[in-house]
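Please examine the sequence and the structure shown below before reading on.

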Amino acid sequence: MSDKVLNLVGLAHSKTVCGAQAAEQQIKKNGAALLFLASDSGPTNEERYVRFGTRKHIDMIRTYSKEQLGLALGRSQTAVIVVTDKGFAEAMIKAVQEME
């Protein structure tokens, strides 16, 4: 994995929540610093998490596929990752900006 953002996701493994239900609970209790939504997630997930992100003022990254996000965390795939640590979230946002 050569992508800096995905490397940071892997490093932050213990500071992440993944899976739709767990991510939604974390967002609802204001415990999300950053939200990753897979670029190939379904329209229902997309609508739900874009709404959550907007309402809760959570930065969102939508660059990666379910497979890429999953592999970063040692899984086969995942559509949603919530980063709970602000320091890691800021580093990931900065890394995405550097890629642009």
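This is a predicted model: local features need pLDDT of at least 70, side-chain atom pairs count only at pLDDT 80 or more; totals for chains, interfaces and linings use all residues.

## Helix H5

Helix H5 comprises 14 residues, 86-99. From its first C-alpha to its last it reaches 20 Å, close to the 20 Å expected at 1.5 Å a residue. At the start of H5, the backbone nitrogen of Gly-87 has a side-chain oxygen of Asp-85 within 3.0 Å.

Ala-89, Met-92, Ala-95 and Val-96 are the buried residues of H5. They lie on the same side of the helix because they cover an arc of only 125° around its axis. The elements that cover these buried residues include helix H1 (4-11), strand S2 (34-37), strand S3 (59-61) and strand S4 (80-83). On the face turned away from the buried side, H5 carries the exposed residues Lys-86, Glu-90, Lys-94 and Gln-97.

## Aromatic pairs

The count of aromatic pairs comes to two. Phe-36 and Tyr-64 form a tilted pair, with 6.5 Å centre to centre and 45° between the planes. This pair links distant parts of the chain, since Phe-36 is in strand S2 and Tyr-64 is in the loop between S3 and H4, 28 residues apart. Both Phe-36 and Tyr-64 are buried.

Tyr-49 and Phe-52 also form a tilted pair, at 5.9 Å centre to centre and 55° between the planes. Both lie in helix H3 (residues 43-56), three residues apart, about one turn of the helix. Tyr-49 counts as buried at 0% relative accessibility, and Phe-52 counts as buried at 7%.

## Ser-65 in its loop

Ser-65 lies in the loop between S3 and helix H4 (66-72). Its relative accessible area is 17%, and the cut-off for buried is under 20%, so Ser-65 is buried. Leaving aside neighbours within four places in sequence, Ser-65 is in contact with Ala-38, Ser-39 and Asp-40.

Technical notes: Residues are numbered from 1 along each chain as its sequence is written. Side-chain values use heavy atoms; hydrogens and water are left out. Helices (H or I, at least four residues) and strands (E, at least two) are DSSP runs, numbered from the N terminus. The expected span of a helix is 1.5 Å times one less than its number of residues. Buried means under 20% relative accessible area, exposed over 50%, partly exposed in between (1.4 Å probe, protein chains only). The arc is that of the directions from the helix axis to the C-beta atoms. Contact means heavy atoms within 4.5 Å. A polar contact is a pair of N or O atoms within 3.5 Å; within protein, one must be able to donate a hydrogen and the other to accept it, and residues adjacent in sequence count only if both atoms are side-chain atoms. Rings of Phe, Tyr and Trp (its six-membered ring) pair if their centres lie within 6.5 Å; planes under 30 degrees apart count as stacked, over 60 as edge-to-face and the rest as tilted.
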